[in-house]
Amino acid sequence: MTGAPLSLLDNIRVSNGPEGLRSFFSELLHTDRIGLVELLNDRHLCFSTLYLLKSDIKSRSLQDMLSIKYKRALELADMLSKPGPAVVSSVSRRSGRRSLGEYQKNGKTTVVEAMRSDAVTVSSLSWIAETGWDINMPEGPYELLMERCTALLLAYQRERSILPAIADTIFERHRHGRLIHNLVWAFFEAHHRESLYLIAQRLDSPDMRDVILARKLLGFIPGMDDDREDGPALYHRALNWLTVNMPYICRTGESMQMCPKPLFYTVSYEAKYLCRQVSEDSGKQPAPLNELEAERLECFRNLDEPRRRLLADASCSLYMRDMNQWLSWFSLPIDDQLAFASLMTGGSA
Amino acid sequence: MIRFEDGFSDLESIFAQYRRGSPEYEALSKLSESSRSYVYLSREELEFELSLRKGIIDASLALYRRRLPFRIFQESFCNEAYWDRRQDGGFVLKSGARPSRAVEDIFISTRMYGTECATAIVIIYYKAVLDVYMPELFDRAFPRIVLMNWRDMDQLIDPATYRGLADYLPGDCRYVRNPDVDPLTPEWQGENVIDLGNGRYYGHGIGLGSIDYFIDALNRNRREGSQASAYLMDTATRPDFRSLYLYRKNAS
């Protein structure tokens with residue numbers, strides 16, 4: 001979305017608004033139909049513009065003249081748009097929530113099946129998600145459509161290539177006071193802890209609203225709620241923390257819907273102590289432990305929380321500094337490990 | 001166990017105020033029998049917390065009985081005599097509207113409102129505080145109200161989330177998470193539920209029942225082929241009982 005040149009139709013939409021765009025479409029339809037089709041197929045076109053012209057394109061039977069990606073995008077827009085509450089199951093009747101059944105009727109199964117077997121559908125959805133989020137577009141059904149396309153890509157498809165664009169969108173919408181809960185949820189549903197760097201970048205933003213949101217989303221990093229630090233210092237501290245802890249953090253499942261200050265990730269101190277990467281989803285070790293690791297881990301689990309944290313931090317620090325020294329240290333009995341760790345930090349265990 | 005900073009120790013006299021089986025009695029029992037130590041400034045503070053917990057439960061039951069409609073934020077609606085609907089789906093107290101009257105209206109003209117489960121919890125908290133504070137104090141304490149989600153809640157209520165607690169009490173807000181929710185229906189990604197005591201919970205949009213009832217409802221809205229069940233998270237969100245207590249104490 002950022003950096004790409006705008007197509008002529010996008011420029012007209014931005015300059016003259018939706019009505020101006022439709023007038024231009026109507027005029028060109030009569031004077032230069034071929035030129036109009038070329039403009040509609042511009043590779044830099046944004047989905048938001050195509051969406052605004054959807055009914056005009058259909059009424060003039062131009063959809064078959066669109067590229068397959070754009071044509072599919074319009075089909076997806078129809079399938080995934082559904083205004084108003086559903087009345088299907090007993091729960092949804094009572095609540096007004098949509099049920100799975102409704103989406104099956106409205107093509108959800110088709111979309112998911114298509115995503116699995118058809119690269120065009122994924123490509124169209126990616127194009128929608130990357131170019132369709134626009135703060136000037138009307139809310140309501142369009143916003144819902146955008147949320148659904150983004151969620152399908154991130155939660156079903158784990159399409160990580162769109163994460164930078166979605167991070168931009170989250171912060172832009174937040175600056176404009178728009179709803180971001182479901183977008184943030186979808187962002188984390190990509191199950192990609194490295195994408196946290198995309199959020200950390202905003203800690204150094206000149207716009208305080210970005211900094212506030214970044215602090216909130218990275219609330220699991222110690223010190224993010226300390227207002228005394230900001231700018232590059234805050235950013236670099238978060239960056240260092242993420243670099244050190246990245247292999248050991250896992251998702252908690254918390255969300256903005258759930259509580260006021262969700263902690264989206266947590267450090268697995270067991271993994272950090274063992275210096276073994278942990279599964280982002282389960283928080284478990286992906287490979288079995290050897291005998292020494294299993295033995296040390298059992299002792300580790302019997303310690304209280306401050307001592308577990310002390311050992312985990314010391315272990316990780318030693319591992320990063322000198323692998324051989326870490327191997328010698330790790331083979332020591334846990335009391336000796338604690339004594340050494342305590343010396344490292346200048347305190348007592 | 002319960003400890004009072006002012007030296008009070010006659011816990012039996014507090015138990016005597018509540019009916020066995022009531023939410024207050026259940027909360028009191030859990031606090032007093034816990035291996036953890038709960039410290040209160042005074043008997044009055046503990047009684048205030050129990051009243052507010054009961055208020056949270058009563059407000060939940062009232063919303064359930066009056067069938068507050070569920071709507072996602074994009075489709076939320078409110079009685080515009082008291083509230084302005086914000087662009088993001090939240091409701092802002094209308095200029096000139098009396099806060100207590102506006103909150104009360106949600107429980108009177110309930111069908112004129114529709115919103116998500118997080119907003120329902122916010123409404124429940126305000127109503128519970130209103131019932132404990134009474135209108136005059138409530139209006140003074142909350143001249144500006146935004147009903148949306150946790151973020152916009154008044155600093156005085158300042159809810160906090162506690163993780164891995166030793167004890168969960170009636171009036172707590174718990175969360176049932178649906179890890180494999182269908183991405184097209186993110187409103188089913190989880191449910192904020194109020195612990196009503198006796199193993200029953202209220203969740204806006206799903207209803208009233210045991211935790212299994214909520215888990216079943218969420219499981220019916222998972223993506224195809226999912227094997228991961230919804231589950232109750234090991235967390236509880238609570239308003240700042242002490243701040244609310246001290247505000248009332250200092251106001252009287």
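Helices (H or I, at least four residues) and strands (E, at least two) are DSSP runs, numbered from the N terminus. This is a predicted model, in which local features need pLDDT of at least 70 and side-chain atom pairs count only at pLDDT 80 or more, while totals for chains, interfaces and linings use all residues. Residues are numbered from 1 along each chain as its sequence is written, and chains are lettered from A and ligands numbered from 1 in the order in which they are written.

**Overall form of chain B**
- Chain B contains 8 helices and 12 strands.
- A compact globule of 252 residues would have a radius of gyration near 18 Å, and the 19 Å of chain B agrees; the radius is taken over C-alpha atoms, and the rule is 2.2 Å times the number of residues to the power 0.38.
- The C-alpha trace spans about 55 × 50 × 25 Å along its principal axes.
- Of the 252 residues in chain B, 45% are buried (20 or more other C-beta atoms within 10 Å of the residue's own, with C-beta atoms placed from the backbone).

**Two domains**
- The assignment for chain B, automatic or from a database, gives domain 1 (43-48 + 55-160 + 239-251) and domain 2 (161-236).
- The C-alpha centres of these domains lie 22 Å apart.
- Their contact takes 16 residues from domain 1 and 17 residues from domain 2 (contact: C-beta atoms, placed from the backbone, within 7 Å).
- On the domain 1 side, helix H3 (43-65) and helix H5 (117-133) each give two or more residues, and H3(B) gives the most, with 6 residues.
- By class, that side has 14 nonpolar, 1 polar and 1 charged residues; Ala, Val, Leu, Ile, Met, Phe, Trp, Tyr, Cys and Pro count as nonpolar, Asp, Glu, Lys and Arg as charged, and the others, Gly among them, as polar.
- Arg67(B), which follows H3(B), has a positive phi near 55°.

**Side facing chain A**
- In chain B, 39 residues are in contact with 33 residues of chain A.
- Strand S7 (173-177), strand S8 (190-197) and strand S12 (235-238) each supply at least two residues of this side of chain B.
- The side divides into 16 nonpolar, 14 polar and 9 charged residues.

Key:
Contact = placed C-beta atoms within 7 Å. Buried ≥ 20, exposed ≤ 12 C-beta atoms within 10 Å, placed from the backbone.
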